[in-house]
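User: I would like to learn how to read helices and their packing. Please take me through the structure below.

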Amino acid sequence: MTEETIDKAAEAAVRLFKSGYSCSEAVLLAFEMNTEKKFSEDAKRGMSAYVEGLSGSGCVCGALAGAVFVLSTMGGRLSTDEPINKLKHAVSTLHDDFRKEFSSACCRVITAKSAKLFGIGKFNTCPLTVEFCIRKIMILASENEWIK
């Protein structure tokens with residue numbers, strides 16, 4: 001995985017978000033656009049509910065939830081015989097790094113603190129969370145050999 005590919009995915013994710021896609025949709029679509037991974041229409045539609053921390057509840061950041069979903073599509077299992085240790089480690093790393101970067105994994109906390117932490121208004125932090133998440137999952141998926 002080259003830095004150029006990661007940068008291209010990050011630019012695509014932010015562009016998609018700013019064009020009207022939700023944070024989770026932007027992460028999934030940018031990942032698909034910049035890897036060989038293809039998602040079904042059902043998976044793409046499924047990303048719509050993650051907007052604003054799970055349909056506006058303000059809970060888990062949608063970009064983070066979407067990123068976890070993308071990783072899970074590659075490292076998840078189809079039967080109880082399959083191990084998920086690599087997936088659990090990747091998601092734990094993503095979550096921990098996200099919390100270090102944004103002080104929370106909670107949409108309402110991040111957006112409420114955005115002016116204090118970043119000097120910007122509510123939901124203006126979202127391009128930052130989208131970019132962070134796509135960069136991390138590109139790296140984690142590559143490190144785990146789920147993508148080339």
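**Reading the helices**

Analyst: Start with Ala-43, which lies in helix α3 (residues 41–46). Helices are DSSP runs (H or I, at least four residues), numbered from the N terminus. This is a predicted model: local features need pLDDT of at least 70, side-chain atom pairs count only at pLDDT 80 or more, and totals for chains, interfaces and linings use all residues. Residues are numbered from 1 along each chain as its sequence is written, and side-chain values use heavy atoms, with hydrogens and water left out.

User: Why does Ala-43 count as buried?

Analyst: Buried means under 20% relative accessible area, exposed over 50%, partly exposed in between (1.4 Å probe, protein chains only). Ala-43 has 14% relative accessibility, so it counts as buried.

User: How many residues of α5 are buried?

Analyst: 10 of the 14, so α5 is largely enclosed by the rest of the structure. Val-70 is one of the buried residues, which also include Leu-64, Leu-71 and Met-74.

User: How is the packing of two helices described?

Analyst: By the angle between their axes and the distance between the axes. Axes are lines fitted to C-alpha atoms, for helices over the stretch in contact, and angles run from 0 to 180 degrees between N-to-C directions. Here, the axes of α1 (residues 3–18) and α8 (residues 126–143) come within 9 Å and cross at roughly 145°.

User: Which residues of α1 and α8 meet?

Analyst: Contact means heavy atoms within 4.5 Å. Among them are Ile-6, Val-14 and Phe-17 in α1, and Val-130, Ile-134 and Met-138 in α8.

Notes: Helices (H or I, at least four residues) and strands (E, at least two) are DSSP runs, numbered from the N terminus.
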